[in-house]
Amino acid sequence: FSAQLVPGSLNFQYLESVGSSPDGRWLTVIEPVSPVYGKLMLIDTVTEKRHILIEKAVRNSNPVCWAPDSKTLLYEDGSVLYFARPEWFMSGQPLDKRFRQLGEGRVKNVRWTSASEFIFLSGNVFYRVNSTELFTKSLYFPLFQAGEFTARLPMEFDGNADSVFISPSGS
């Protein structure tokens, strides 16, 4: 599969796992580097600038979850969740990855409940996070969790075999 988005513009071959921010400004694409892995790229559709989010992402996966307002994205790298604001990467001075870590978790276990708030599962604990506080709280990780404790599952959760579904309101 190959595609050309706009004549003379971004040209990709073997597009897999393409995602878009809700406003369409940003694309996430896994560019193949082997039969199993690829580089997860963040692309600004206006300037065509590109940034590698993950060097070794599994192809045919969707390791990204966008905020409804497209200002924040969450992504998974090695069963660890990270947050980012797309403009950080395009400015050429993104925050170090360790300052963007939320904790262990999977993108499939994240639910945005509003433009600035989401719930995620880490281990067997649910956390509610306000995205406006992400950077401040991440400075103190792992001393403090990135979010507010919301609930605990009564059993161990295996993110590879189990699934969890969070209601739109997060209740």
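A search of the whole structure finds six salt bridges, a salt bridge being a side-chain nitrogen of Lys or Arg within 4 Å of a carboxyl oxygen of Asp or Glu. Side chains of opposite charge can pair when their charged atoms come close. The model is a predicted one, in which local features need pLDDT of at least 70 and side-chain atom pairs count only at pLDDT 80 or more, while totals for chains, interfaces and linings use all residues. Residues are numbered from 1 along each chain as its sequence is written, and side-chain values use heavy atoms, with hydrogens and water left out.

**Salt bridges**

- Arg25 forms a salt bridge with Asp44, and the closest N and O atoms of this pair are 2.6 Å apart.
- This pair links distant parts of the chain, with Arg25 in the loop between β3 (16–20) and β4 (26–32) and Asp44 in strand β5 (residues 37–44), 19 residues apart; helices (H or I, at least four residues) and strands (E, at least two) are DSSP runs, numbered from the N terminus.
- Arg25 is partly exposed, with a relative accessible area of 30%, whereas Asp44 is buried at 2%; here buried means under 20% relative accessible area, exposed means over 50%, and partly exposed lies in between (1.4 Å probe, protein chains only).
- Lys39 and Glu55 also meet through their side chains in a salt bridge, at 4.0 Å from N to O.
- Because Lys39 lies in strand β5 and Glu55 in strand β6, this pair ties together parts that are 16 residues apart in sequence.
- Lys39 is partly exposed, with a relative accessible area of 28%, whereas Glu55 is exposed, with a relative accessible area of 52%.
- Lys97 forms a salt bridge with Asp77, the closest N and O atoms being 2.4 Å apart.
- Lys97 lies in the loop between α1 (86–90) and β10, and Asp77 lies in strand β8, so the pair ties together parts that are 20 residues apart in sequence.
- At 28% relative accessibility, Lys97 counts as partly exposed.

**The four-stranded sheet**

- An open sheet of four strands runs in the order β11-β12-β13-β14, with antiparallel pairing; two strands are said to pair if DSSP finds at least two bridges between them.
- The edges of this sheet are β11 and β14 (148–152), each with a single partner strand, so one side of each is left without a neighbour in the sheet.
- Neighbouring strands of this sheet are turned by 25° against each other on average, direction ignored, where the axes are lines fitted to C-alpha atoms, for helices over the stretch in contact, and angles run from 0 to 180 degrees between N-to-C directions.
- Strand β12 (residues 117–122) pairs with strand β13 (residues 125–130) in the antiparallel sense over six bridges, and Phe120 has Tyr127 in β13 as its bridge partner.

**Residues in loops**

- Asn109 is found in the loop between β10 (101–104) and β11 (110–114), and it counts as buried at 3% relative accessibility.
- Leaving aside residues up to four places away in sequence, Asn109 touches Ile119, Phe120, Leu121, Phe157, Val164 and Ile166, a contact meaning heavy atoms within 4.5 Å.
- Asn60, in the loop between β6 (50–58) and β7 (64–66), has a positive phi of about 60° although it is not a glycine, and Asn60 is exposed, with a relative accessible area of 63%.
- Ser70, in the loop between β7 and β8 (73–77), has a phi near 65°, a positive value in a residue other than glycine, and Ser70 counts as buried at 4% relative accessibility.
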